[in-house]
Amino acid sequence: MAPVPTIKLNDGNEIPLLSYGFGTANFMGKDEDMVKAAILALNNGFYHIDCAECYRNESGVGAGIKAAGVERSKLYVTTKIVGTINQDVAAALDASLSKLGLDYVDQYLIHVPFSAGSPEGLQKLWAQMEAVQAAGKVKSIGVSNFEVEDLEIILKTAKVVPAINQIEFHPYQQQRDVVDFCRKKGIAVSAYSPLSAITQARPGPADEAYAELAKKYGVSDADIALRYCIDQDIVAITTSKSEERLLGYMINTLSFKLEPQEIEKLSNLGAQKRHQGMGIPYMSKTFGNYKTGQVAS
């Protein structure tokens, strides 16, 4: 089994390019189920774990991490604070650390930019993020679901540039303006829902290309979808409760690389369709969105 490749962040820390996510299918999961999922992921080489306070399953994930018995130095744990109006970042982080059973997390993200009430509120949140990093409880700090204007807002007052921006990314949601801006500023990108083009968004214009590439490399469409991210140095966050599938990702996804022209073909075909998941609409409805005027329900 090949090691999971990594990229170096702007703060000097390295992040694995393949991650097991505890959102989507694991959202609000029962503790016993999250324990099993965490053990399954870790036992199959997914040492990069992605979770969040709003997934409401950190306790189960933490219990699973403990039960799996993997050395802390091998783990890369990401979690997120929602980022609501006047939210206390230090308190939220301490709560997450307690649930996860950890002394620190490798990466801490603001989950959404639009629930902070205002641009000034977002800047204050980022200042608090810088403080918890300085306190040593977080190795890297970053953001999630930030558009270019959101990044520009925090960069106006930031002492620390975000290490990463986690966004929905696949051929039907490429967000090239965001990706290009991040690269210009030295901000890495991670992708949630990287399999959407071959799952939720089917049928679509890239279907045939996925099938052709899967046949060429002797892998699954999902392996192609993950490599589409990895071969652009974008962290791919996926999930599954199937050991066979997870092991397949570790063996097959890491056994080949897409050619630049193959990535370009998927991108060009993907540009013919747009598909956005339910993440941002859910977060806007639940926690409010000052950019659209939506009030938290």
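Is the crossing of α7 and α10 left-handed or right-handed? The crossing is left-handed, a term used if the near helix is turned anticlockwise from the far one by less than a right angle (right-handed if clockwise).

The model is predicted, with local features needing pLDDT of at least 70 and side-chain atom pairs counting only at pLDDT 80 or more, while totals for chains, interfaces and linings use all residues. Residues are numbered from 1 along each chain as its sequence is written, and side-chain values use heavy atoms, leaving out hydrogens and water.

**View A. Helices α7 and α10.** Helix α7 (residues 207-217) packs on helix α10 (residues 260-270) at an angle of about 160°, with the axes 10 Å apart. Helices are DSSP runs of H or I with at least four residues, strands are runs of E with at least two, and both are numbered from the N terminus. Axes are lines fitted to C-alpha atoms, for helices over the stretch in contact, and angles run from 0 to 180 degrees between N-to-C directions. The two helices, α7 and α10, are therefore roughly antiparallel (an angle over 145 degrees). Residues of α7 including Y210, L213 and Y217 take part in the meeting with E262, K265, L266 and L269 of α10; contact means heavy atoms within 4.5 Å. The residues of this contact of α7 with α10 are six nonpolar, no polar and four charged. Nonpolar covers Ala, Val, Leu, Ile, Met, Phe, Trp, Tyr, Cys and Pro, charged covers Asp, Glu, Lys and Arg, and polar covers the others, Gly among them.

**View B. Helices α4 and α5.** The axes of α4 (residues 119-134) and α5 (residues 148-155) come within 9 Å and cross at roughly 60°. This crossing of α4 and α5 is right-handed. In α4, P119, L122, Q123 and W126 meet D150, I153 and I154 of α5.

**View C. Helix α1.** Buried residues in α1 are M34, A37, A38, L40, A41 and L42, where buried means under 20% relative accessible area, exposed over 50% and partly exposed in between (1.4 Å probe, protein chains only). The buried residues of α1 pack against β3 (18-21), β4 (48-50), α2 (58-68) and α9 (243-252). After α1 comes G45, with a positive phi near 90°.

View D. The peptide bond from R202 to P203 is cis, with omega near 0°, and P203 lies in the loop between β9 (188-192) and α7. N86, not a glycine, has a positive phi of about 60°; at 71% relative accessibility, N86 counts as exposed. D233 has a positive phi near 60° and sits in the loop between α8 (221-230) and β10 (234-238).

Key: Angles under 35 degrees count as roughly parallel, over 145 as roughly antiparallel, 65 to 115 as roughly perpendicular and the rest as oblique.
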